[in-house]
Amino acid sequence: MTTPTASRGAFASRLGFILAAAGSAIGLGNIWRFPYTAGANGGGAFVLVYVLFVLGIGVPVLLAELAMGRAAQRNPVGAFRILSGSRSWSLVGGLGVVTGFGILAFYSVVAGWTLGYLWKALTGDFERRITADESSRIFSELIGTAGPAIGLTALFLIVTVLVVRGGVQAGIERASKILMPMFFLLLLVLAARSLTLSGADEGVAFLLQADFGKLTPRVILGALGQALFSLSLGMGAMITYGSYLGKSENLAFAGATVAVFDTAIALLSGLIVFPALFSSGLDPAAGPGLVFVVLPTIFDAMPAGSFFAVAFYALLAIAALTSAMSLLEVVVAYFVDEWGWARRWAVWAIGAVTFVLAIPSALSTGASPFLSTMLGDRGGFLDLQNILFGNFALSIGALFTLLFVGWRWSVARALEEMHASGDRLPAPRLWGVLVRYVCPVAVLLVLGFMLVTGEFF
Ligand code: PHE
């Protein structure tokens, strides 16, 4: 097995890797997608199923992906091919590359909104009292105007391309090191503020009290999709990051740390959004704008609110950036490893294609009536992309990754890879059973229910 070479790049330190993997995991998925999906799916029961999926499916898949990546030292397509010795398995990696494009195409649109809000915060828009209605209007105006929606998407993609162009070590590691812990602290402050607003308990109850009558197949798939999306699983991002990792790293520890922080941040985001939302009388099922509409109403209720607003949007934009970098990195690593493209060209070419794919999403939040209402009350083109790639493609990708590691590459080889650092996985048998039987059956059941009931969106 080769060790990471200078030309492919490698992470300089364990902390660097954990922070970079956490950087990939922590992003809009936690702050934007989690509250919006939880709100649209009725709250508590969804949240409970999501947490169960993180523990029971997310963590096992995360370990499987990291082990595959480090063993193969390749992008997802190359990893499936090398570890299986057959070309057909590399299709699973291929699905990952396509999913990378698909997710980045709507992710960059939402990240663009973050940049727009950062600008608003910097220019003092959130200094005065903002009612919930006003906040909704500000949001709709920003995302419903073609110019800013497309321009901000382009801006975000350009920044992502520039960072990824610098290569793994310099770009990814340096950015993640200081900023992620700062983000965590800021979220704690915001949660403290939100939880002390009048009427906050209703929001906490919405998030934590499970009403099982609300669990439909669609809600359950949503929870699975959210668990995978949030941990960056099912499309090879963690295979790619694992491939930049040295043999001395403890994969189990890295994986567990990432999963704990990622889930804590999602729940924290829920504890920021829902108390404030109920306190200002907004609708939890308001859709993808949820976090953008709710937060401005709490900044003005805080001392130094405009400072917190700037810090929040800046750090959220950076969290989105470190996730987008990993999405782009999957696609770039594929073209660099498999097609011999030069990294400096690959990033721009892929960035440009993603931009074109992102345009319909950018126009689907108001600017184009047709694209905005394609799914009726379930939303428009952006929601469609989000569900297709974020829920379906990731679930299918995770299913095949599990089948591959469990039945083809073999649990024994994966465990050997995890134990290569001299550290042992705490419950190796359990992990084997989960990967071979429990998780694939669970994912199949979720997908199967959807097909049978026809309740897709
Ligand atoms: N996990 C990232 C987030 O929560 C998004 C992502 C999904 C990144 C899939 C890579 C792969 O924002």
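Modeller: First, the ground rules. This is a predicted model, where local features need pLDDT of at least 70 and side-chain atom pairs count only at pLDDT 80 or more, while totals for chains, interfaces and linings use all residues. Residues are numbered from 1 along each chain as its sequence is written, and side-chain values use heavy atoms, with hydrogens and water left out.

Colleague: What makes a residue part of the group that surrounds the ligand?

Modeller: The group has 14 residues. Ala-25, Gly-29, Tyr-107, Phe-229 and Ser-232 are the closest. By class the shell has six nonpolar, eight polar and no charged residues. Here Ala, Val, Leu, Ile, Met, Phe, Trp, Tyr, Cys and Pro count as nonpolar, Asp, Glu, Lys and Arg as charged, and the others, Gly among them, as polar.

Colleague: How do you know how much of the ligand is buried?

Modeller: Accessible areas come from the Shrake-Rupley method with a 1.4 Å probe. Taken alone, the ligand exposes 320 Å², and the protein buries 100% of that.

Colleague: Which space does the ligand take?

Modeller: The ligand takes the largest cavity. To sit there, more than half of its atoms must lie within 2 Å of the grid points.

Colleague: What makes a space a cavity and not a pocket?

Modeller: Both are found on a 1 Å grid over the protein atoms alone. In a cavity a 1.4 Å probe fits but cannot get out; a pocket is an open set with protein on both sides within 12 Å along at least five of seven lines. Lining residues have an atom within 4 Å of a point. The structure holds three cavities of 30 Å³ or more.

Colleague: What lines the largest cavity?

Modeller: It has 18 lining residues, with Ser-24, Tyr-107, Phe-229, Ser-232 and Leu-327 nearest its centre. Its volume is about 130 Å³. Ten lining residues are nonpolar, eight polar and none charged.

Colleague: What about the second largest cavity?

Modeller: About 60 Å³ of space lies there. Its lining has 13 residues, including Phe-80 and Met-235. H5 gives the most, with four residues.

Colleague: And what lines the largest pocket?

Modeller: There are 38 lining residues, and Tyr-36, Ala-286, Gly-287, Pro-288 and Asp-383 lie nearest the centre. The volume is about 700 Å³. The lining divides into 17 nonpolar, 15 polar and six charged residues.

Key
Near = heavy atom within 4 Å. Points joined across faces, edges and corners; volume = space filled by probe spheres on them. Helix = DSSP H or I, 4+ residues; strand = E, 2+ residues; numbered from the N terminus.
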